[in-house]
Amino acid sequence: MQAPTMDPAEEPPSMLWGLDPIFSAFARLYVRDILQMTESTQVPGIYFYNSHPIYKVDVLGTVVYQREREDFFCYGVDDGTGVINCLCWKNDVFKEEENSSKSGVKPSDGGFNPVSELKKLRQAQQSRCRLEIGELLRVRGPVKTSRQQREIMASCFYKVNDPVMAVQIAWMMEVPQLYRQCYDKPLELQPTATGESAVSSIGKATNIIKDFFKQKSVSRFRPYDVQDLLQPLIPRQPQTAPADQEPVAGPSACQQLRQLLKDALKILQDEGIVYRKVKSQDELYHVTAQDKDLLIAVKDIIREDCKREKYADKGCHILHILSAVRQRYSLNVSRAALELVLKSLECNSDVVSTSDSHYTVF
């Protein structure tokens, strides 16, 4: 079947591809999406997913078929959404080890034998590269279309030992997040002048508010406390329109200021820098890093729960801490805010991260 190609009118110019961070990374796409990607009409070997230019991928899946030739392995990898062919070339060390294994190496009489130890190391490397059907394979490399079939030319591949499926579960949790945060968001390399101005104003507004927090050591505030700080960002409007031009209806300067403040506070909340302990008509915001009550509450939760046998060894997971904070302190604390609190406590040596997303006290 002929590989689909992208409409030249919809394809972004090749000189702008480097502006997309996904282009220089190994994209962790589902096999189904790798097989359905459209190929570039400008540069063969470059593919597009949701307008993102992609040429190298990272796949984890089960081997469903395998062939071995003198110079390469050929594995069919199934990640649950589809099967893709992976061409894995043997390196020179691998070939030398195969030849030496046929001739054999005499065992040492005793003591440390560097040749024997090197042979064991190479055999271990061999076992990671030679897989059987049903074993788990991780492969990275560029995507190619050969004989009208899409395949991965592996630049790195190895067998994954995953007896309790911990690696696969972590992979299945991480990939959907990458899709939501990166791959499924359309690429916008050429925003309009209005869009650039709006983004620039919001960025400047958030920076102004952050500087205000640092300079004044603010722990809580209301929107009108910072509204006047953003006034210079609002363009001045002419009092009267020229005689030969009809007046254009639009938001007033006061409306623009309120909207800019609302957008800036929304970004600060998403980043966890501020939060509202209680949502009421009185819009009182708390600065996360300066909220001593929140820091004490989080520290006490970790200390108390780590005494339980369930959390004694590994510590409390961040989602458990977040649930406890929302039950005992405030329903409106976000994960981003909690991460800032944990980072602050860890910097002060009040808590320590025992493993990925697990925390305990000294």
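Is Glu304 buried, partly exposed or exposed, and what is its relative accessibility? In this predicted model, Glu304 has a relative accessibility of 45% and counts as partly exposed. The side chain of Glu304 forms a salt bridge with that of Arg328, with an N to O distance of 3.5 Å. The two residues belong to distant parts of the chain, Glu304 to helix α8 (residues 292-305) and Arg328 to helix α9 (residues 318-328), and are 24 residues apart. Arg328 is likewise partly exposed, its relative accessible area being 48%.

In total, 16 salt bridges are present in the structure. One of them joins Lys159 to Glu135, whose closest N and O atoms are 3.6 Å apart. Lys159 is located in strand β9 (residues 156-160) and Glu135 in the loop between α3 (114-129) and β7 (136-146), so this pair ties together parts that are 24 residues apart in sequence. Lys159 counts as buried because its relative accessibility, 15%, falls under the 20% cut-off. Glu135, by contrast, is partly exposed at 25%.

A further salt bridge lies within a helix. Arg335 and Glu339 pair through their side chains at 3.2 Å, N to O. Both residues are in helix α10 (residues 335-347), and because they are four residues apart, about one helical turn separates them. Glu339 is partly exposed at 39% relative accessibility, and Arg335 is partly exposed with a relative accessible area of 34%.

Salt bridges also occur as a network, which links Arg28, Asp58, Arg138, Arg140 and Glu174.

Conventions:
Residues are numbered from 1 along each chain as its sequence is written. This is a predicted model: local features need pLDDT of at least 70, side-chain atom pairs count only at pLDDT 80 or more; totals for chains, interfaces and linings use all residues. Side-chain values use heavy atoms; hydrogens and water are left out. A salt bridge is a side-chain nitrogen of Lys or Arg within 4 Å of a carboxyl oxygen of Asp or Glu. Buried means under 20% relative accessible area, exposed over 50%, partly exposed in between (1.4 Å probe, protein chains only).
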